[in-house]
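Visitor: I would like to learn how to read a few features of a model like this one. Could we go through them one at a time?

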Amino acid sequence: SMTTPIDDVLDDVRAEYAQLESILDSLTSSQWEAPSMAPGWSVADTVLHLALTEELVVVSLERRDGGWTTRDRPLDEVVDGHVRENSAPAPEIFGRWRAACRASLDALAAADPDRAVTWAAAPLKPRTLATTRLAEHWAHGLDITEALGIANHDTDRLRHIAWLGHATLPYAMRLADLEPVAVCCTLTAPSGAVFTYGPSDATATISGEMGTFCRVGARRLPASESELATSGPDADAALAVLRNYAA
């Protein structure tokens, strides 16, 4: 059978979920209740947030109403409200997240790959939506493992997250009232493989470790502290607005 373009991403999303699941599976009840690096959220709250957004993937792909309605409130307020309203014991949250991940993967695999669906800021095609799920689980996985002092190894799955950050640069620049420019990013993955995003003749360039680039895009590391090399006009401005998701 032919491989659809989303399969390679979904395999990596599935692997990212599995890595996080094995970490969560080993946590004590006090670790579940401990603060994560996500401001105001415990580890349990952070996993609940991931469960709720996975459930929204299914809602969006089924094109039902009741997905992203922000009722004129800032998105992060809405997201925090959802977490507060759905509070539950940690084992229940863990089960809800696992079920939501399975349902989300199934829905993404079955979706029409060419049809964009409603998401937080702008409609996304399933492949991009799947990539945002990988990016969000990776970033919140860091929030959990860094808070608890647990080892969490970067993998070459970061290449999808780096792609997302680069692909949404024009959107991020426009959002910051900047004129979008072509940017070439040359990034070294954890395996040592080098990935290039954007036109090789772009005058604005960003280069360095892929994990660092992804942490800047996840807003887990300030661009100014990142040690990524930039050259050409607007490269620093682009790096300053880098986001790993379209919101």
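Visitor: Where is the place of Asp177?

Guide: A word on the source first: this is a predicted model in which local features need pLDDT of at least 70 and side-chain atom pairs count only at pLDDT 80 or more, while totals for chains, interfaces and linings use all residues. Residues are numbered from 1 along each chain as its sequence is written, and side-chain values use heavy atoms, with hydrogens and water left out. Helices (H or I, at least four residues) and strands (E, at least two) are DSSP runs numbered from the N terminus, and Asp177 sits in the loop between α8 (169-175) and β1 (183-188). Its phi is near 60°, a positive value in a residue other than glycine.

Visitor: Is Asp177 buried or exposed?

Guide: Buried means under 20% relative accessible area, exposed over 50%, and partly exposed in between, with a 1.4 Å probe and protein chains only. Asp177 has 73% relative accessibility and therefore counts as exposed.

Visitor: How many disulfides does the structure hold?

Guide: A disulfide is a covalent bond between the sulfur atoms of two cysteines. Here the criterion is a pair of cysteine sulfur atoms within 2.5 Å, and the structure holds zero disulfides. For Cys185, the closest cysteine sulfur is that of Cys184, at 6.7 Å, which is too far for a bond. Cys214 is likewise in no disulfide, the nearest cysteine sulfur, that of Cys185, being 10 Å away.

Visitor: At what angle do helix α3 and helix α6 pack?

Guide: Axes are lines fitted to C-alpha atoms, for helices over the stretch in contact (heavy atoms within 4.5 Å), and angles run from 0 to 180 degrees between N-to-C directions. Helix α3 (residues 43-61) and helix α6 (residues 126-148) pack at about 175°, with their axes 10 Å apart. Angles under 35 degrees count as roughly parallel, over 145 as roughly antiparallel, 65 to 115 as roughly perpendicular and the rest as oblique, so α3 and α6 are roughly antiparallel to each other.

Visitor: Which side chain meets Asp45 in a salt bridge?

Guide: A salt bridge is a side-chain nitrogen of Lys or Arg within 4 Å of a carboxyl oxygen of Asp or Glu, and the partner of Asp45 here is Arg84, at 3.7 Å, N to O. Asp45 lies in helix α3 and Arg84 in helix α4 (residues 75-85), so the pair ties together parts that are 39 residues apart in sequence. Asp45 is buried, with a relative accessible area of 13%, whereas Arg84, at 44%, counts as partly exposed.
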